[in-house]
Amino acid sequence: MPDSGSTSGLSDAIAGTSSRRGFLARAGRLLIAVAGGGALAGALRVQDAEGFHFCGHIYTPGSCPHPTGLPRIDAQGFPLRARDGKPVDDLGRVVDAAGRPVDDQGHILLDPDGQPLPPAPRTKVCVAAAREYGFRAHTDGAWYRCCGGHVRKLVDCCGYVRRRINGDAALTGYCYAGRKVFCVQYYDTKVPC
Amino acid sequence: MVCTVGAARGLDGRGGAARAGVAYAVGSLLGGVLVFGGLGLLASRLHPGRFWLEAAVALAAVAAVSDLAGLRVRPQLPFQVPERWRQTLPLPLATLLYGLLIGTGLTTYVPAAAAWALLALTLALGKLAPALVIGVCIGAGRALPVVGLAPLRENAAARRAFDRTAQRRWPLRSVRALAAVALAAGGAAALAGPGRAAVVATGAEDPSVAGADLAWQAPGTGGFLLHAGGAAAQLPGSDPAIGGALIAWHVGAQVTVASRQTLAPVAQENVPGVQKLAVSDRWLAYRAGTATGGARIVVQQLTDLANARTVASVSWPAQLGRPALSGNRVVFHTATQTGSSIAVVDLSTGKRRLLRRSRSVQVLEPALLGSDLLYVRVARCSQQLRLGGLAGGRDRVLLTLPPLAGQDLGRERGHTDQGSRVPCPGRPRPTTTMLWTTALTTRFAYVTTLHRTAGGSGAPTLLRITR
């Protein structure tokens, strides 16, 4: 995790420039320890940690556009509200399994005639990003971190892109076949850690 | 300031004078845009209501009267621009900075009370675009006299003529009178302008219009008809629709089409599952629910009720909207989990055409009048009542409400915001009021708003907006 350990942030960042595999992260940590650059590493760690806007995110691509902000998704890639994991539609409204808007207690919202309010589109977060920015969405690999006591799966939204959502050069990350990371999203599993 | 800008000619020739003048004009425009644009941006986040607009227009009326009467302008800010700048800075830079200060319209001596009224109007309008226009006008008004008069400084006769004129009362009185007239016109336009909604009825939904008559549904009570100049009368049925010389309602599955003037029935039929109606002199259209939770839109000729033509149908959980008729065309929306669309069907040819569609926002509740289409667009960051053409093109926004859902910070607590992202910049506060069914006349747009109450269905209010 980027915010644990004095050297892990920098080493993860170094590893992240290539493939972000775990052994490279460990190699980076060892390199810095051997160089005796503890103080430097500590200073740099603070700077690098500044680049991560949610737990488990170990490099700098920005969040995918999400109806409620933090790019939390379900196992299929559809948007969930980050604070409670409830499914939301593209308008940010909490919805039931059929896509009908519901209140926080799960009651279906009705019009004055007692009919459910019309459903809105609910689009996979990576697909919505691809539509907005004009590329074809691919969900390739993922990496895992322990966040809030549960395993978090961090998922790259990949495409044949040169620039990532931040506006600068896109990186390979966990994307395959020449694709690069456009933005990131995450899925909180129920697996304790 | 005329002397300062004009002095550049003596120092740097014509080029220097032009640079100083342009710099002053740019600064002045920038000053106006920054101050009034900033206020407009702030006001657009605050969403001031009708009360504040009326208060600002009242203030504008007082200011206009004051300017017309030539009363002393109060308050005044006795702030003078720093004279040191013109001695220590390059002249174009100094005049740019002077323009920035003076272009705000509020520093130094304010020659007309209209300036203060414009400040209040900018805040009360609650929109960025008119605020920017006001800022540009203020900046230009401050720049033009200086830029225009500076070249005359070199001409002794012109300078004497200007001095003589400037020392009389009528030039300033004329400018103030012009400002007063413009301010009064602007205030009236703001009150009557589009986007200002008036409540027609509370507890009312599903407007339907024909000529100057208006019908609506009061949930749990029944339908109402309001003739022009009369009082609203309750109808013997629900979900009324009017069109041509007719009116339609239903009691359970029994649909009645009647004369709008006398309410004498002209046709009746039994339609199981009927929910919403539309009628014209030639056609009856209705939405009916199916046993499996789906819905269909059916159209019949009033002269041949035995023939029912289904023009659209959906399965649960997709939904069809209320149909609306205009001439030989019926228009309605379809909403699904993958997108929404507004379609029109030409009943004389059977040809169907998509008028609006989206995979990311909702386009709902259309009303048609000739080639004008009124509909509701619910997007992630706002809800809009839009008026556009059948052929597409640019829509005009008649009414805007905040979004239906909130958002988080885009980052987890304790983490940086670098790389974070929120759907709506400025974090607009979500509303529990949503735009709903519509109707359209040549003068007005009608829309139902649903105010969601805890644990209940939406409480409707019927609004009228000048087109």
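Q: What's the strand order in the open sheet with S1 in chain B?
A: Four strands, ordered S1-S25-S24-S23, with antiparallel pairing. Strands here are DSSP E runs of at least two residues, helices H or I runs of at least four, numbered from the N terminus, and two strands pair if DSSP finds at least two bridges between them.

Q: Before I go on, what are we looking at?
A: This is a predicted model, where local features need pLDDT of at least 70 and side-chain atom pairs count only at pLDDT 80 or more, while totals for chains, interfaces and linings use all residues. Residues are numbered from 1 along each chain as its sequence is written, chains are lettered from A and ligands numbered from 1 in the order written, and side-chain values use heavy atoms, leaving out hydrogens and water.

Q: How many bridges join S23(B) to S24?
A: Six, and S23(B) and S24 (residues 444-451) of chain B run antiparallel. Among the pairs, Thr438(B) has Val447(B) in S24(B) as its bridge partner.

Q: Where else does Val447(B) turn up?
A: In the largest nonpolar core, which has 25 residues. Val447(B) is among those with the most contacts inside it, along with Leu374(B), Leu385(B), Leu398(B), Leu399(B) and Leu435(B). A core is a set of buried Ala, Val, Leu, Ile, Met, Phe, Trp, Tyr and Cys residues joined through side-chain atoms within 4.5 Å. Buried is under 20% relative accessible area, exposed over 50%, partly exposed in between (1.4 Å probe, protein chains only).

Q: Which elements give two or more residues to this core?
A: In chain B, that's S19 (362-369), S20 (372-378), S21 (383-389), S22 (392-401), S23, S24 and S25 (459-466). S23(B) supplies the largest share, four residues.

Q: What about the open sheet with S10 in chain B, what's its order?
A: S10-S11-S12-S13, four strands with antiparallel pairing. The edge strands are S10 (274-279) and S13 (304-314) of chain B, each pairing on one side only. The twist here averages 20° from one strand to the next. S12 (residues 295-301) and S13 of chain B run antiparallel and are joined by seven bridges; Arg296(B) stands opposite Ser313(B) in S13(B).

Q: And S2 of chain B: how many of its residues are buried?
A: Six of the six in S2 (residues 205-210), so S2(B) is largely enclosed by the rest of the structure. Four bridges join S2(B) to S3 (residues 213-218) of chain B, and the two run antiparallel. Ser208(B) has Ala215(B) in S3(B) as bridge partner. The S2(B)-S3(B) hairpin has two residues between the strands, and Gly211(B) takes a positive phi near 60° there.

Q: Switching to charges: how many salt bridges over all chains?
A: The count is 19, taking a salt bridge as a side-chain nitrogen of Lys or Arg within 4 Å of a carboxyl oxygen of Asp or Glu.

Q: What does Asp74(A) meet in a salt bridge?
A: Arg122(A), at 3.9 Å, N to O. Both lie in the loop between H3 (38-49) and H4 (125-133) of chain A, so the pair ties together parts 48 residues apart in sequence. Asp74(A) is buried at 14% relative accessible area, and Arg122(A) is buried at 17%.

Q: What about Arg81(A), buried or exposed?
A: Buried, at 11%. Its salt-bridge partner is Asp104(A), with the closest N and O atoms 3.1 Å apart; Asp104(A) is partly exposed at 42%.

Q: How far apart are Arg164(A) and Asp168(A), N to O?
A: 2.5 Å, in a salt bridge. Arg164(A) counts as buried at 9% relative accessibility, whereas Asp168(A) is partly exposed at 33%.

Q: Which residues are linked in a network of salt bridges?
A: One such network links Arg72(A), Arg152(A), Asp188(A) and Glu412(B).

Q: Last one: which residues form a nonpolar patch on the surface?
A: Leu41(B), Leu128(B) and Leu132(B), with about 210 Å² of accessible area together. Areas come from the Shrake-Rupley method with a 1.4 Å probe, and for residues only the protein chains shown count as cover. Patches use residues with over 30% relative accessible area and no salt bridge, joining like charges within 9 Å and nonpolar side chains (Val, Leu, Ile, Met, Phe, Trp, Tyr) within 5 Å. Leu132(B) sits in H6 (residues 128-149) of chain B and counts as partly exposed at 32% relative accessibility.

Methods. Axes fitted to C-alpha atoms, helices over the stretch in contact; angles between N-to-C directions.
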